[in-house]
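Student: I've got a model open and would like to talk through a few of its features. Can we take them one by one?

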Amino acid sequence: MKYNTMFNVDALLSKAESSLFRDEIALSEFSLFGAPNEIYKIELASAISKLQRLLVEEKSEAVREELYYRIGKAYYLMSDFYTALAYFELITNHSLFKDRDLWKINALREIGKLEESLIEINEIDFNGLSPKEASLYYALKSDIFRQQEIKDSAAYYLGRSFEIGVPLKYKFYWQLCLGKMLSTIDVPQAKKVLRKIARSNSAPSLLTLKAEVELINIGSQSVDERITALRELLNRGYSIGLEWLVYAAQSDLYRLQNEVDSANVVSEKVLAHNTVPIAVKNLERWKQGQFMLLLNKLDDAVISFSQIDVEELSLLDKRSKTLILQRENWIVLLKLIDQQQSENTKSELYFSAMYELATFYRENKLYNDAKSILNDLVLINPSKQIDYLHDLYLFDKAGVEDENNVYQQKLVIKQKLYTKQEELYKLLDAEKYEELIVLADAIIDESILAIGDESRVAYIKAMAIGYSQSVSSFVSTLESIKEKYKGYPISELVHKYLEYIDKNKSKFALRKYALEKTKEYFSNRNIKQGDTPIESIKNDSQISNVGTFIDIQSRHGEAYYFVLLLEDMRINLTPVRYAIGQFIRTKHTNMGLGHDLLEFGSSCQLLRVGIFESLDAVTNFEHQVEKMLPEIIKFREKKYSTFVIQKSILDSVENISDIDYFVRKYINK
């Protein structure tokens, strides 16, 4: 009985999993892995009940964990991602981790825990995966970066997935997604990828036509020319039965130009087409309703919203789904506000309706919509301004807590990067070049880094090659970096190196190794205060054949901290720390910066902000924050100073005298 139940449940799970990726999903923007199909919800709920009954009776821990996995997977396929995670967390049997992890990380992604899902991927041993499994994880990493709107990293990792070999069922859809990702960062490459689908004899007609639509949209034509080009697609054989896809693209363009009548006519063609999927109809009705709202045509918008089938919302984003599922309450509030606006009055009833709408948004976790209304009320209703500001404060307080959690997750990832980077630099300083190259390759192969961070690892590896191998090997490595990381600062840097080598071919031809160290020279020379090592070389006419591209004091890819030093232990720095934290959250949201207090002996305390990835980034931050310091620091200026310091130096500091040099060099106050 037990095994018969598990067999039947496995068959259902397989069927529901196959339906994650269906025709209309190819039109979505939400996931490379599709979306749960609502039609299996009742069957899955019944299957979960049967599995839970087995769980109560089961004594074997190994079998119990297999049941946890099946129940978690069933909840995922019902879109109950939180419950799915709870069951996945119960699994401790390592033999099930490989099956569980992809579902678990996808569930984390679905509930918006993007940083946490990246950390989970980074902890997976890719060496133990088959090419197909590794391909899926690269695609999942791409999906996460796409949700974070880090398009270059998203495109890079999806490209890595193709290099290994993507599962056939995903091939053309992922190719379409890759083309769309590249369309904003590398248009020629995007066109190349999309044309492969458009000209393929084996791609589904839906994806072929969608690729043609995307090629038209990323072209340089005007909107009118794009509409004409879309109309010409209707003459292609593969568009038969799929005309609605062209009409939908045309209606988007008409709405873009605010051509109401044309947009409505073409939109009706989408809705009337006899082969259009219900999900596409619902998406078109949602777009048309939103368009009518923008034009203040509430009655027309309500008609569109009311015709949406709530059983098929797979193409709508989370905000849109929430509003449609709550449309009765939402529409009542919109009508009340519209009535007051039509009477051209800003009465208490109007303000009350606006506040109720903000409350509705807040209760449904649509915080940006709620804050937008409250900000409007602050401006138009001075009598209750304090109340609205208090509500906004509560939003900010909750937002700060959420953002702090995100910052902590980002810091974990960044700390891993800098730990590994410091390992590489130690090997470089110890002249253990072969070990460095092997470690750098391992770090890159593990794919634990975003593409920009990975480029810095590749750069350090190039330096090791330069010190231990021929000029030709060094040049080949630099050319590879220049091509692979096109558009990143490292690419521009190595381009300058290649130009320098090309201009000095005769000098480099005499070298056994491409680069020669100058550390001994600097340790035995008196460098003038304020000069960098490179400036000292320029000032000394006796030096010949010195090392190339090496700055001992500030290496490329070095990490930095901004520091505020207070020479008084009696003063409380907590308010200053809070103010700087607020500044980070509002002005430097995506940098993953942290801030903390340190004590040195019995005389000094430091407020440390970081980690910054470059000297330019940290000095830019310093220039911004020092302007606000006089407003938030309520003690005498002579008691504090600010400076910039390398992470590797500050991490090794044991007492205040160790950083005197940096205080003298960077002091501002």
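Tutor: Strands (E, at least two residues) and helices (H or I, at least four) are DSSP runs, numbered from the N terminus. This is a predicted model, where local features need pLDDT of at least 70, side-chain atom pairs count only at pLDDT 80 or more, and totals for chains, interfaces and linings use all residues. Residues are numbered from 1 along each chain as its sequence is written, and side-chain values use heavy atoms, leaving out hydrogens and water.

Student: Which residue stands opposite Tyr560 in strand 3?

Tutor: Strand 1 (residues 560-566) pairs with strand 3 in the antiparallel sense over six bridges. In strand 3, the residue facing Tyr560 is Phe612.

Student: Is Thr5 buried or exposed?

Tutor: Thr5 sits in helix 1 (residues 2-18). Buried means under 20% relative accessible area, exposed over 50%, and partly exposed in between, with a 1.4 Å probe and protein chains only. Thr5 has 11% relative accessibility, so it counts as buried.

Student: How is helix 23 oriented relative to helix 24?

Tutor: Axes are lines fitted to C-alpha atoms, for helices over the stretch in contact, with angles from 0 to 180 degrees between N-to-C directions. The axes of helix 23 (residues 451-468) and helix 24 (residues 471-484) come within 9 Å and cross at roughly 170 degrees. Angles under 35 degrees count as roughly parallel, over 145 as roughly antiparallel, 65 to 115 as roughly perpendicular, and the rest as oblique. Therefore helix 23 is, relative to helix 24, roughly antiparallel.

Notes:
Two strands pair if DSSP finds at least two bridges between them.
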